[in-house]
Amino acid sequence: MAMCSRAAAAIRRRGGVALAPPHARAMASLFGHVEPAPKDPILGVTEAFLADPSPDKVNVGVGAYRDDNGQPVVLDCVREAERRIAGNLNMEYLPMGGSIKMIDESLKLAYGEDSEFIKDKRIAAVQALSGTGACRLFADFQRRFLPDSQIYIPTPTWSNHHNIWRDAQVPQRTFTYYHPESRGLDFAGLMDDVKNAPNGSFFLLHACAHNPTGVDPTEEQWREISYQFKVKNHIPFFDMAYQGFASGDPERDAKAIRIFLEDGHQIGCAQSYAKNMGLYGQRAGCLSILCEDEMQAVAVKSQLQQIARPMYSNPPVHGSLVVSIILNDPELKSLWLKEVKGMADRIIGMRKALKENLEQLGSPLSWDHITNQIGMFCYSGMTPEQVDRLTNEYHIYMTRNGRISMAGVTTGNVAYLANAIHEVTKTK
Amino acid sequence: MASAAFTVSSPAASAVAARSKVLRGGKGEARTGCRVGITRKNFSRVMMAVAVDISRFEGVPMAPPDPILGVSEAFRADKNDLKLNLGVGAYRTEELQPYVLNVVKKAENLMLEKGENKEYLPIEGLAAFNKATAELLFGADNPVIKQGRVATLQSLSGTGSLRLAAAFIQRYFPEAKVLISSPTWGNHKNIFNDARVPWSEYRYYDPKTVGLDFEGMIADIQAAPDGSFVLLHGCAHNPTGIDPTPEQWEKIADVIQEKKHMPFFDVAYQGFASGSLDEDASSVRLFVERGLEVFVAQSYSKNLGLYAERIGAINVVCSAPEVANRVKSQLKRLARPMYSNPPIHGARIVANVVGDPAMFGEWKQEMEEMAGRIKNVRQKLYDSLSAKDKSGKDWSFILRQIGMFSYTGLNKTQSDNMTDKWHIYMTKDGRISLAGLSLAKCEYLADAIIDSFHNVS
């Protein structure tokens, strides 16, 4: 039968190939040197949760919205859009740049309905494979046309940001962001890093609802950051994965971007409909780059398409149809705004409830950060050891950096969660 | 002066610099060589702001138009009633309309009823789809499936599958080269270029016979360094429509085995070429039977008409299950920073169709009809050409070719004549898409081809 895995591993370590089982009639594998990839830390949490038989188990590792029953949600506006799509439209290839309608609506959301940049056709924009795809296109574009540039990424950030710019072969640096002591923004540290970076550096900024900390700059702080960016001639690239989902108001959630636009920055922007429209698996998003003028926007868009063509040719149609049907229909759009506000409100409500529960339990620690932070995630400040205790003793699953997904908190489990957190932190 | 972050190479840059002005910044410093990036409109709001440098995208040139997609655009712009679009690589009905398979409509309505959620798929895609696609390709009873030796990842149609494989090759076989047929689908070169995998061509098309240059093909594969990757079209070669015979496939497998090359199949037309899913997979299965490790990229764009849903898979047949696990894990690691996880809709359609015996049967039938329509137009085109062309030229290569495309043997000037004089749109390499041809138009097309071939050089 198959060679035992230990022997095979030993052979691999010596640089050889593990031989195939005889009945396979195969040659020795050409893949002997291919190491198994490390397990994804976030997915590992979900797997462990699913495997846990305890009836009390709570999953606050999940990065997808859940309703108050802990169930995934498909928005009504989405269901209606799908009803209109099903079996009706043909499935001809989209243009390489994706659905024009979806792009137009996305730009209005990000840049403002009456944006002069849209009127002046200064924005190069393509439909992208959700936020990941948008970031990757930008990273590849950066590599190709600005090969000496690097990207500054906040500490911490969504882990895939590092993978994206690394695979695009753009050198990365980090900049100060999170302040552990206050569980807030290290604004002074951030500004220092902005000032010390070489002029004309690229910076990745989370437009709202920073992932994983939930810590966003205030409006005044954004203005200062923008000013300093002008002084340094830095290029801001916004990853906006939670527009509408953070405060409940898409206009408000785009405030940072609007400030930078007012100040004359030529921004790049990745948008995702995964959370705010619940289209996760549809991979619907948009990449835009504000250019000098219309001619340049046409050139830049053509180059973005050139990057997309050998990656996937043209983007998937289904999600883009859902997005453009919803945003183009006043009634459906109005329904969407209501539903996205509903999701945001539920999360804000759970933040409040969690904090109040902890206070009522007499926790000696401050939990203000739970309600100061915004969006899906809360950086609790708990240590890995405390998180392990939560998992082992209370069957509560989250990532070991202490990040709680508020989407996994419900009226049914918030008291249990608060109690568990209190128990593991009260002796700190 | 340009920003320190990059160099501006465009000739326009010096013109911009000449137009530049000085703006006093908030701190009273003069900044020379800067473009004033403010309009009168928002001047007051940005009084404090410092001037924007020359655009960092100044050096970004306009990309050339896509040769294939550009054909469709030109066709749309043509007002002539006789116009015919034979550039498009998408199936059309006899009425020259796009076609959504009935079984796909059924699947979509079923999915609507089921009302499933839209949660992220795992990085490797929908499990039900992955199982179905591997079984379709290799046959459900194939030992490689039973032994768990296939690493399968749902990916973004054929392009995405090829790209993942190319990225894997670049990472784990950085010295290796990919051999691609001359000619091949235009995007193959882009994919390997962007993945930074070196490639060279093996002879394939013989213009003298309008057929396969088999000896040239074997010689070039033989001459390549051991351990090269050989990109093969599983069936219905694009753009020529010329496939090796079963005997020739055996010989190709011989030389690949001898040179320890890695066969890398692009299967974009399974079922669509001959009408039979199994028959169209026979080349792949031949290689697998020999115990070789094989890459296979699949697409459901044509055979299920799911073009824009971007549904396909990359399969890697490995020598052992634990090898397949390792390979799969590394393919996932490449996919994650590209798109995180693949789109769900097309995968569900395929899984629903293949998973239901009735729908699967319907699909096979619709596929036979599509392939059948193409065979019919081939025949009619051949008959028209033979009847109308008095020169005695042998047009039978049209019948020998298979799949959506036909290499007519027309050169660029002749192809231009097809468009300019006859309003027939095709790619400049002489490729016509029979999927865009109706029986009704065959005679007109024959006239055009005869004229272009004989009267234009």
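Is B:Gln154 buried or exposed? In this predicted model, B:Gln154 counts as buried because its relative accessibility is 0%, and the cut-off for buried is under 20%. The residue sits in strand β4 of chain B, which spans residues 150–155.

Now turn to where the two chains meet. Here 99 residues of chain B are in contact with 101 residues of chain A. The area buried between chain B and chain A is about 8600 Å². Carbon and sulfur atoms give 56% of that area. On the side of chain B, the residues that lose the most area to chain A are B:Phe57, B:Lys118 and B:Arg326. Together they account for 10% of what that side buries.

Four salt bridges are found between chain B and chain A. One of them joins A:Asp167 to B:Arg171, with the closest N and O atoms 3.1 Å apart.

Which elements give two or more residues to the side of chain B that touches chain A? They are the helices α2 (67–77), α3 (102–114), α6 (157–172), α7 (186–194), α12 (321–339) and α13 (344–355), along with strand β12 (312–317). The largest share comes from α12(B), with 12 residues. By class, this side of chain B has 49 nonpolar, 21 polar and 29 charged residues.

Definitions and conventions
Residues are numbered from 1 along each chain as its sequence is written. Chains are lettered from A and ligands numbered from 1 in the order in which they are written. This is a predicted model: local features need pLDDT of at least 70, side-chain atom pairs count only at pLDDT 80 or more; totals for chains, interfaces and linings use all residues. Side-chain values use heavy atoms; hydrogens and water are left out. Helices (H or I, at least four residues) and strands (E, at least two) are DSSP runs, numbered from the N terminus. Buried means under 20% relative accessible area, exposed over 50%, partly exposed in between (1.4 Å probe, protein chains only). Contact means heavy atoms within 4.5 Å. Buried area is the accessible area (1.4 Å probe) that two parts lose on being put together, summed over both. A salt bridge is a side-chain nitrogen of Lys or Arg within 4 Å of a carboxyl oxygen of Asp or Glu. Ala, Val, Leu, Ile, Met, Phe, Trp, Tyr, Cys and Pro count as nonpolar, Asp, Glu, Lys and Arg as charged, and the others, Gly among them, as polar.
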